[in-house]
Amino acid sequence: MSDYRYTFKKFVRDWMLIIGMVTGAGMYLVYHSIPGIHSAGPFLETFAKTLQPVLLFCMLFLSFCKIEPHQMRPHKWQAWLLLVQGASFVLLSLFELWALRSGTAAGEWVLAHRIPLESAMICLVCPTATACAVVTGKLGGNMAGVVTYTVIINILVALLVPLMVPLLYPDGGVSFGAAFSRILAKVFPLLIMPCIAAWIVRYVTPKFHAWLLKYTHISFYIWAFSLALAIAMSTRALMNAKSGTAILLEIAAASLICCAFQFWIGKRIGAKYGCRISAGQAIGQKNTVFGIWTGYTFFDPVTSVACGFYSIWHNCYNTWQLYRKRKENEAKELSQDSQEQL
């Protein structure tokens with residue numbers, strides 16, 4: 001029986017992300033297929049939107065407990081990633097603006113493909129996921145560097161999106177100040193408050209902080225549960241999308257290309273500074289809930305589906321990376337055991 005329990009626990013731990021994704025999608029599909037419980041929809045939506053920030057706060061709080069303040073300092077690879085994300089978003093925005101005003105064939109192309117184009121823009125500028133530090137730590141990367149980049153990229157996003165949206169949608173009535181304030185209110189309580197709380201605990205109650213350090217691994221399971229909620233909301237966005245199949249396929253392709261490109265460029269840049277894992281995760285793993293919110297708040301609401309697809313792509317890739325890391329660790333342990341026996 002003990003072997004069975006060990007095997008079951010190992011299976012759950014090894015495939016936690018896939019289990020979370022399947023659970024999240026399954027929860028919404030069950031809800032969608034039973035009309036009798038649709039009346040509970042508003043309550044369930046409110047519950048999920050309330051619970052997820054709490055989970056993210058706890059997860060990021062535990063991550064900050066492992067990081068000393070002096071470790072959070074800028075690195076050169078972060079500047080390159082900021083340039084990639086910021087420049088790609090601004091250049092695509094300016095291209096769309098020019099094309100729409102040019103009256104040329106480029107303008108006709110943009111009109112025909114505006115939704116997948118803006119979906120790509122959102123996927124590129126979308127800030128780093130708050131759970132990124134958890135995955136980076138599991139992969140052996142620099143958690144402090146990723147957390148630092150998460151804070152910096154959110155500042156950049158809070159500036160760039162309000163700058164470009166009024167140009168692309170001048171009739172939307174969204175000013176820079178209003179958009180800037182809405183983005184700050186959305187992301188910064190989940191970034192700054194956990195940091196402040198963790199550092200207060202570190203210096204005011206060191207014994208409690210030492211006790212918390214014994215349980216920081218729980219953040220991985222908190223993330224898995226939070227992932228289930230995120231995938232449920234992503235599935236909801238996909239199911240409720242009223243666009244045709246062709247548009248959804250274009251959005252899916254755009255998000256997949258952006259996901260592959262950002263992990264690739266992040267790892268290429270990070271390899272030059274000895275931070276291949278950290279840089280790849282920092283730019284590739286996205287806060288897709290924020291991306292979905294950005295899509296239906298500032299752009300065509302259909303673009304919010306892009307980050308629903310992106311959530312699937314980057315979590316599948318993370319699952320593969322974690323699986324490969326576990327196999328590497330198991331191979332090292334077997335090698336060490338063999339050497340000890342010799």
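Reply: Angles under 35 degrees count as roughly parallel, over 145 as roughly antiparallel, 65 to 115 as roughly perpendicular and the rest as oblique. This is a predicted model: local features need pLDDT of at least 70, side-chain atom pairs count only at pLDDT 80 or more, and totals for chains, interfaces and linings use all residues. Residues are numbered from 1 along each chain as its sequence is written, and side-chain values use heavy atoms, with hydrogens and water left out.

Me: How are H4 and H13 oriented to each other, roughly parallel or roughly antiparallel?

Reply: Helices are DSSP runs (H or I, at least four residues), numbered from the N terminus. H4 and H13 (residues 245–272) pack with axes 10 Å apart, at an angle of about 150°. Axes are lines fitted to C-alpha atoms over the stretch in contact, with angles from 0 to 180 degrees between N-to-C directions. H4 and H13 are therefore roughly antiparallel.

Me: What classes of residue make the contact of H4 with H13?

Reply: Contact means heavy atoms within 4.5 Å. H4 gives Trp-77, Trp-80, Leu-81, Val-84 and Gln-85; H13 gives Phe-261, Gln-262, Ile-265, Gly-266 and Ile-269. Ala, Val, Leu, Ile, Met, Phe, Trp, Tyr, Cys and Pro count as nonpolar, Asp, Glu, Lys and Arg as charged, and the others, Gly among them, as polar. By class, the contact has seven nonpolar, three polar and no charged residues.

Me: Is Asn-154 buried or exposed?

Reply: Asn-154 sits in H8 (residues 143–168). Beyond four places in sequence, Asn-154 contacts Pro-127, Val-187, Phe-188 and Leu-191. The cut-offs are under 20% relative accessible area for buried, over 50% for exposed, and partly exposed in between (1.4 Å probe, protein chains only). At 4% relative accessibility, Asn-154 is therefore buried.

Me: What is the relative accessible area of Phe-95?

Reply: Phe-95 lies in H4 (residues 76–102). Leaving out residues up to four places away in sequence, Phe-95 touches Trp-109, Val-110 and Leu-117. Phe-95 counts as partly exposed, because its relative accessible area is 32%.

Conventions
Helices (H or I, at least four residues) and strands (E, at least two) are DSSP runs, numbered from the N terminus.
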